[in-house]
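Subject: Structure for your files

Hello,

Here is the structure you were waiting for. My notes on it follow below.

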Amino acid sequence: MPQEQRKHDARNYHRTQMKRELIIQKLREQGCRITRQRRILLDIILEEECSCCKEIYYKALQKDSSIGPATVYRMVNTLENIGAISRKNFYKIACGEDCFKEQGCTVELSDHTICRLSGEMWIDVMKSGLKAKGYIQNQDIENVIVSAVEG
């Protein structure tokens with residue numbers, strides 16, 4: 001691993017550890033005991049990209065089979081109540097190496113049609129739409145951030 005990558009990973013680890021300690025402090029201030037199960041769930045939420053409670057639950061089961069779905073939902077609600085997370089922004093679109101495999105991205109339409117696209121196809125669709133609407137000319141897409149819209 002190149003030295004630059006090791007420095008970047010160390011900074012991300014340090015930042016995650018700082019967030020973890022601040023969250024633990026806030027939980028204690030709210031009167032929560034910091035149990036082993038809560039630490040496991042907090043680590044999963046901070047270190048992994050999970051899009052829903054069910055995904056957190058399945059990852060937690062691999063680490064501790066005694067964690068139940070209710071524990072996950074309570075922890076997520078508690079974290080939301082102290083302002084550590086927001087379920088409105090619990091979603092992230094990321095096309096990493098896996099996404100560039102055939103059918104790496106899935107798009108579900110309102111009529112329940114499912115389109116499976118490779119990462120390259122997804123980027124082509126985005127670029128075509130942005131060009132058709134006049135938002136871009138020849139730029140490349142760096143990142144896509146999806147925010148929930150309150151209705």
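I begin with a helix pair. Helix H2 (residues 36-47) and helix H3 (residues 53-63) pack with their axes 10 Å apart and at an angle of about 125 degrees. The axes are lines fitted to C-alpha atoms, for helices over the stretch in contact, and angles run from 0 to 180 degrees between N-to-C directions. H2 and H3 are therefore oblique to each other; angles under 35 degrees count as roughly parallel, over 145 as roughly antiparallel, 65 to 115 as roughly perpendicular and the rest as oblique. Their crossing is right-handed, a crossing being right-handed if the near helix is turned clockwise from the far one by less than a right angle, and left-handed if anticlockwise.

On the H2 side the residues that meet H3 are Arg36, Ile40, Leu41, Ile44 and Ile45; their partners in H3 are Ile56, Lys59, Ala60 and Lys63. Contact here means heavy atoms within 4.5 Å. The residues of this contact divide into six nonpolar, no polar and three charged (Ala, Val, Leu, Ile, Met, Phe, Trp, Tyr, Cys and Pro count as nonpolar, Asp, Glu, Lys and Arg as charged, and the others, Gly among them, as polar).

This is a predicted model: local features need pLDDT of at least 70 and side-chain atom pairs count only at pLDDT 80 or more, while totals for chains, interfaces and linings use all residues. Residues are numbered from 1 along each chain as its sequence is written, and side-chain values use heavy atoms, with hydrogens and water left out.

The protein has five helices and two strands, in the order α-α-α-α-β-β-α from the N terminus on. Helices (H or I, at least four residues) and strands (E, at least two) are DSSP runs, numbered from the N terminus. Of its 151 residues, 24% count as buried (buried means under 20% relative accessible area, exposed over 50%, partly exposed in between, with a 1.4 Å probe and protein chains only).

Two residues to look at:

- Thr71 lies in helix H4 (residues 69-81). Thr71 is buried, at a relative accessible area of 18%. Leaving out residues up to four places away in sequence, Thr71 touches Gln37 and Leu41. Leu41 is also one of the H2 residues that meet H3.
- Tyr58 is in helix H3 and counts as partly exposed, at 48% relative accessibility. Its C-alpha atom is separated by 8.9 Å from that of Pro69, 11 residues apart along the chain.

Regards
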